[in-house]
Amino acid sequence: MSSVEPSDGIVRELVDLLLDRRWADKELGQHFLVDEKVLQVPIKLSEVDSNSHVLEVGPGPGTLTHFLLLTGARVTAIEIDNIAIEHLHRVHAEAIESGQLNLIEGDALNVQWPKDLTDVVCNPPYQISSPLIAKIDNWQENAKRQGTNQLKSVVLLLQDEFASRLAMEFGLASRGPLGINTALNWLVSLEMKVPAHCFTPHPEVQSRLVLMTPHDLRTEIGIDVEYRLVKRMVSHAFAQRRKKMRNRLKGVPRKIERVPNWNRERWVEAVNSLLSDEENAVLEDGWEDFRPEDLEVEEWLLLAQRLEYFNQQFNE
C-alpha cells in the first residue's frame, strides 16, 4: 500500500490494520477518527504544503498522517504506543524511506522537537491537551526569544468543553489560565464540531477542531513584559480563583525565582508598592477587589508591567 496515493476506503483500511493487531488502548486515549471528510478539514485549516514541516502528535493508525503526506509536507510524527509504531512503519514505509516522514517513538511532552517545524497538526490524546498546548506555546516563545523559526499554524482536535475554555468562548465562565496564557501568543478559532460517531471506539464527549494562529498581543498593544512573569502570575491567581486579587498577590507564585530578575523578596516588595500606589493611572479603579476571572487579558499585561516597574525601582 502506498503511503501517499489517495484510495477509496484508505482511512478505514488503516484503522482496521491497526485494530487487527489489538484493540484501542483507552489508557492512551486512543479514539481513532474514521471520517475521511473530517480528516481533511485540518489539512485545509492549516494550509500546509510542500514547504511545510509538520509535527503530528499521536498518529495512531496513520490516517491524518496519510493526508498530511499527500500535501508534500515533511512530517515528524511522535507516537508512544510501540504497536502503533510497528504499524506505521509498515503502512508508511515509502514515506519513511524517502525521508518525508520522520517517525519518533516516545512521549511527545518529553522528546525534543525538530527546530525547523512550521506547523502542528494532530489529534492528540485528550488527557495531554493542556500540557501539549503549554509545550507548543513555550516552543513558540523560545523561537521568538532566539530569533529562530516560528510556527505558522496549530490545528488540534480537542474535547469540545476544553476547546471552549481555550478560546474563552463564554467570557467569565470560561476565563482561566489556559485561555489567558494562550492568548498572549495565539488567536484561537473554534472550528468544526466532531460528533462521537466519527471515531472508533466512540469517545464519551463531543470534539472540536481548533485553529491557533500566531500573534503577539504584547507587541500589538505596546506592552513589553516578561512572558514568564505573566504566566506565573496568572496561574498563581487562579489557583484560588474565588479570592480577591489583593489577597492572591500577597502570596508568592511558585518558582518565581525562575523568572529573570525575580525572587520572593522582590515579589513581596513589588506587590506592596503596587497595592499602596495611590497615583496609579493605569489599572482600573478597584481592581484589587476583582477576582481573577474579572480581569481581561490586556489587564493582566498591565498588571505585570506595573509589577516589573516596581521591581526595577527596588533594584535601583
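Predicted model: local features only at pLDDT ≥ 70, side-chain atom pairs only at ≥ 80, totals over all residues.
Biologist: How many of the 8 residues of helix α3 are buried?

Modeller: Buried means under 20% relative accessible area, exposed over 50%, and partly exposed in between (1.4 Å probe, protein chains only). The buried residues of α3 include Thr63, His66 and Phe67. Helix α3 (residues 63-70) is largely enclosed by the rest of the structure because the number of its 8 residues that are buried is 7.

Biologist: The side chain of His215 makes a polar contact with the side chain of which residue?

Modeller: His215 sits in the loop between β9 (207-214) and α9 (217-221), and with a relative accessible area of 12% His215 is buried. Beyond its neighbours within four places in sequence, the contacts of His215 (heavy atoms within 4.5 Å) include Lys144, Asn185, Trp186 and Glu220. A polar contact is a pair of N or O atoms within 3.5 Å; within protein, one must be able to donate a hydrogen and the other to accept it, and residues adjacent in sequence count only if both atoms are side-chain atoms. At 3.1 Å, the side-chain partner of His215 is Glu220.

Biologist: What volume of space lies in the second largest pocket?

Modeller: On a 1 Å grid over the protein atoms alone, a pocket is an open set of points where a 1.4 Å probe fits, with protein on both sides within 12 Å along at least five of seven lines, and lining residues have an atom within 4 Å of a point. The lining of this pocket includes Trp113, Lys115, Lys135 and Trp139. Grid points are joined across faces, edges and corners, and a volume is the space filled by probe spheres set on the points. For the second largest pocket, that space is about 280 Å³.

Biologist: How far is the sulfur of Cys122 from the closest cysteine sulfur?

Modeller: A disulfide is a pair of cysteine sulfur atoms within 2.5 Å, and the whole structure has 0 of them. Cys122 is buried at a relative accessible area of 1%, and Cys198 is buried too, at 5%. The closest cysteine sulfur to that of Cys122 belongs to Cys198, too far for a bond because the distance is 18 Å.

Biologist: Where is Glu47 placed?

Modeller: Most residues other than glycine have a negative phi. Glu47 has a positive phi near 60 degrees, and this residue is exposed, with a relative accessible area of 65%. Its place is the loop between α2 (36-46) and β2 (53-57).

Biologist: What relative accessible area does Asn261 have?

Modeller: Asn261 is not a glycine, and its phi is positive at about 70 degrees. This asparagine lies in the loop between α11 (245-250) and α12 (264-275). Asn261 counts as exposed because its relative accessible area is 55%.

Biologist: And for the chain overall, what percentage of the 316 residues count as buried?

Modeller: The chain has 13 helices and 9 strands, and its C-alpha atoms fill a box of roughly 70 × 40 × 30 Å along the principal axes. Of its 316 residues, the buried share is 52%.

Technical notes
Residues numbered from 1 in each chain as written. Heavy atoms only, no water. Helix = DSSP H or I, 4+ residues; strand = E, 2+ residues; numbered from the N terminus.
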